[in-house]
Amino acid sequence: METAIEVKDLVVHRGKKPVLHGLSCQIPRGSVTGLLGPSGSGKTTLMRAIVGVQIVKSGTVTVLGKPAGDKELRRRIGYLTQAPSVYADLTVRENARYFASLYDGVPKSQADEIVADVGLADQANQLVGTLSGGQLSRASLACAMVSKPDVLVLDEPTVGQDPVLRDELWKRFRDLANAGSTLLVSSHVMDEANRCDRLLLIREGRLIADATPAAVKAEAGHDDLDEAFLTLIRAREKAVV
Amino acid sequence: MKPRILGNTIQRILRQLRHDRRTVGLLLVVPVLLLTLLYYMFPDPKLPLVPPVFDRVGLVMLGIFPFVIMFLITSIAMLRERTTGTLERLLTTPLGKLDLLFGYGIAFGFAAAIQAAIASAVAYWLFDLDTAGAKGLVILIAIANAVLGVALGLFCSAFARTEFQAVQFMPVVVVPQILLCGLFVAREEMAGWLQAISNVLPMTYAVEALQEVGKNADPTGLMWRDLGIVAGCVVVALVLAAATLRRRTA
């Protein structure tokens, strides 16, 4: 399978503290990859490095054959930050249309469609500042997906969403991957991990697992992903000691 | 810079402003209220040979208000872009740094043009402001000054992490310029070192340009030079602001 994102020996320091210690992984094109790990494990930092907004100490990140952050990539990549980043004093539709207008050949109608896709059709004319927390993060998600980018990096897109909506969002992610996009989605929720093609588990800036959900379960000998990860982490710690 | 993205960014900023009716109201009304205070502070001497103080002070204020107000709203608007993460998101899109900076300059410059037109209209027709030169030049200088405020606001917002800090830049950046621009004490009467400071502050030139319009029927060379200096400062401030926008951060 073709590789969309390749990370090699990535070292990132934030302040004086090392956050990623020589992390390497490959993400295949047209897939949904789940990025899992506790808070502070380096998920967001890895995503920022892939998007090209993170200063890296050493190592390389290649996205679609170009170094991360390359000018050429800016029209092919979409990024959802963990905190919603939309304009509170614009309506949902105005936000989506503005972000759509930054890309060549993305019509307004596509912005309106995406707003409906994330379940905000009824709130399209509402100011973003008046939305609930869950609606706000979906408005932000709409702006990240609006250009239907080749690579979509989503930092906790489904936090605080109701289960029905979460299910629908995951179907949308799957549709995008089926259409050829590459998605990297971070999450805390293990039942979401089961919906990914591949899983990356990171802990304290190191990769613990990089495999399909089935392979992770098989290796750990657990059918439950939570348990499986726990087993892998313990095995790893023993190996290090 | 891409004209389409620049145009859409200008529209977006104006749309944000339009949704905020109270800010629009304040932008348009506050200068007029302040001019009114000023007008009644200096009663008309009604002596044929003594020009009313308002002709001198009111004229200069038409240049100072847009500078102060645009500096404040721009530094807060840009700080919001930074703190809410929209800036980081924008910098991952095809938008260029100059699209964003010129977007703010042009959008707020447009708002300032309306503000300056209303304030000047009130000053001329309600308060009988008298200038030897053209009213249009007064408005032009006021707009240039507003854009200067925008450019400095864009630059200074990089040094503030919170809104509390951002508003503190107002006294730091704006007040010395008002004190030393020649409004309170004529520049020639200032101590040498104060004059030296005054010489490097852009507001000095904007005020001098306005005074030239007040005194002379036709635009003078000095006025055009001063306007050129203000425009030059705008460009320098925008370039410095562009240098503070980093696509990659730690």
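Guide: Two strands pair if DSSP finds at least two bridges between them. Strands (E, at least two residues) and helices (H or I, at least four) are DSSP runs, numbered from the N terminus. With that in hand, look at L152(A), which stands opposite L183(A) in strand 8 of chain A. This is a predicted model, where local features need pLDDT of at least 70, side-chain atom pairs count only at pLDDT 80 or more, and totals for chains, interfaces and linings use all residues. Residues are numbered from 1 along each chain as its sequence is written, while chains are lettered from A and ligands numbered from 1 in the order in which they are written.

Visitor: What makes strand 7 and strand 8 of chain A a pair?
Guide: Five bridges join strand 7 (residues 151-155) to strand 8 of chain A, and the rule asks for at least two, so they pair. The two strands run parallel. Strand 3 (residues 32-36) of chain A also pairs with strand 8 of chain A in the parallel sense, over five bridges; there, L36(A) has S187(A) as its bridge partner.

Visitor: Which are the edge strands of the six-stranded sheet, and what makes them edges?
Guide: The open sheet runs 6-7-8-3-9-10 (chain A), with mixed pairing. Strand 6 and strand 10 (206-211) of chain A each pair on one side only, which puts them at the edges. Strand 10 of chain A pairs with strand 9 (residues 198-203) of chain A in the antiparallel sense over five bridges, and L200(A) stands opposite D210(A).

Visitor: What makes strand 4 and strand 5 of chain A count as paired?
Guide: Strand 4 (residues 58-63) and strand 5 of chain A share two antiparallel bridges. The cut-off is at least two, so they qualify. V63(A) has K66(A) as its bridge partner in strand 5 of chain A. The sheet here is open and antiparallel, with four strands in the order 2-1-4-5 (chain A); its edges are strand 2 (17-28) and strand 5 (66-67) of chain A.

Visitor: Which residues of helix 2 and helix 4 of chain A make the contact?
Guide: Contact means C-beta atoms, placed from the backbone, within 7 Å. Helix 2 of chain A brings V92(A), N95(A), A96(A) and F99(A), while helix 4 of chain A brings A139(A), A142(A) and C143(A).

Visitor: How many residues of chain A are in contact with chain B?
Guide: 24 residues of chain A are in contact with 21 residues of chain B. Helix 2 of chain A gives the largest share of chain A's side, three residues.

How values were computed. Contact = placed C-beta atoms within 7 Å.
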